[in-house]
Amino acid sequence: MKNTKHINFFRDPNITGVEICNVEKSRHVFPNHVHDDIYALSLIISGATYCKGTQNSDLVARAGEMVLLNPGQVHSGVPIGNGPISYV
C-alpha cells in the first residue's frame, strides 16, 4: 500500500452528509468505491487524476477543475503519470 500520510479525512458528527478530505502531493491510488450517504465535491489543486481507473481514461480531472460525485456513484482516484496530486 502506498503512503497515505498526505491524506486527511474529517467528518463532523453534528453535520450529516459532509466529509472533508484534504490530499496534498499524494500518489496514493484509491480503489473503486462509493460514498453511500454523501455528495463529493472536489477541487483539483495540482496534478490530474482518472476519476474511475485508467480503463475510463475519458473521465479525467485536472488542476483548476471541480468534480461532483453523487451518493452511490462508483469512482476511484488514480493519479496520472508519476506526479503527485493535490485536492480538497
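**Strands, pocket and cavity in a predicted chain**

Read along the sequence, this predicted model has a protein chain with the pattern β-β-β-β-β-β-β-β-β. Residues are numbered from 1 along each chain as its sequence is written, and side-chain values use heavy atoms, with hydrogens and water left out. As a predicted model, it needs a pLDDT of at least 70 for local features and 80 or more for side-chain atom pairs to count, while totals for chains, interfaces and linings use all residues.

Visitor: How many helices and strands are there in the protein chain?

Guide: Both are DSSP runs numbered from the N terminus: helices are H or I with at least four residues, and strands are E with at least two. By that rule, the protein chain has zero helices and nine strands.
The pattern along the sequence accordingly reads β-β-β-β-β-β-β-β-β. The counts asked for are zero helices and nine strands.

Visitor: What percentage of the 88 residues in the protein chain is buried?

Guide: A residue is buried under 20% relative accessible area, exposed over 50% and partly exposed in between, using a 1.4 Å probe and protein chains only. Of the 88 residues in the protein chain, the buried share is 32%.

Visitor: Among contacts between residues at least 6 apart in sequence, what share joins residues at least 24 apart?

Guide: A contact means heavy atoms within 4.5 Å. Among contacts in the protein chain between residues at least 6 apart in sequence, the share joining residues at least 24 apart is 62%.

Visitor: Which residues form the aromatic pair?

Guide: Rings of Phe, Tyr and Trp (its six-membered ring) pair if their centres lie within 6.5 Å; planes under 30 degrees apart are stacked, over 60 edge-to-face and the rest tilted. This rule gives one aromatic pair. The pair is edge-to-face, at 6.5 Å centre to centre with 80° between the planes, and consists of Phe-9 and Phe-30.

Visitor: Which strands does the pair link?

Guide: Phe-9 is partly exposed at 48% relative accessible area, whereas Phe-30 is buried at 16%. The two residues are 21 apart, in distant parts of the chain: strand S1 (residues 7-10) and strand S3 (residues 30-33).

Visitor: What is the volume of the largest cavity?

Guide: On a 1 Å grid over the protein atoms alone, a cavity is a set of points where a 1.4 Å probe fits but cannot get out; a pocket is an open set with protein on both sides within 12 Å along at least five of seven lines, and lining residues have an atom within 4 Å of a point. Points are joined across faces, edges and corners, and a volume is the space filled by probe spheres set on them. One cavity of 30 Å³ or more is present. The largest has a volume of about 50 Å³.

Visitor: Which elements give two or more residues to the lining of the largest cavity?

Guide: The lining includes Phe-30, Ile-85 and Tyr-87. With Ala, Val, Leu, Ile, Met, Phe, Trp, Tyr, Cys and Pro taken as nonpolar, Asp, Glu, Lys and Arg as charged, and the others, Gly among them, as polar, the lining divides into five nonpolar, four polar and no charged residues. The elements that give two or more are strand S2 (20-26), S8 and S9.

Visitor: Which strand gives the most to the lining of the largest pocket?

Guide: The largest pocket holds about 470 Å³ of space. Its 25 lining residues include Ala-40, Ser-42, Leu-69, His-75 and Tyr-87, which lie nearest its centre. The lining divides into 17 nonpolar, seven polar and one charged. With four residues, the strand that gives the most is S4.

Visitor: What is the phi of Lys-25?

Guide: Most residues other than glycine have a negative phi. Lys-25 is found in strand S2 and is exposed at 62% relative accessibility. Its phi is positive although it is not a glycine, at about 50°.

Visitor: How far apart in space are Asn-32 and Val-74, C-alpha to C-alpha?

Guide: Asn-32 lies in strand S3 and is partly exposed at 49% relative accessibility. Not counting residues up to four places away in sequence, Asn-32 touches Lys-52, Val-74, His-75 and Ser-76. Asn-32 and Val-74 are 42 residues apart in sequence, and their C-alpha separation is 6.2 Å.
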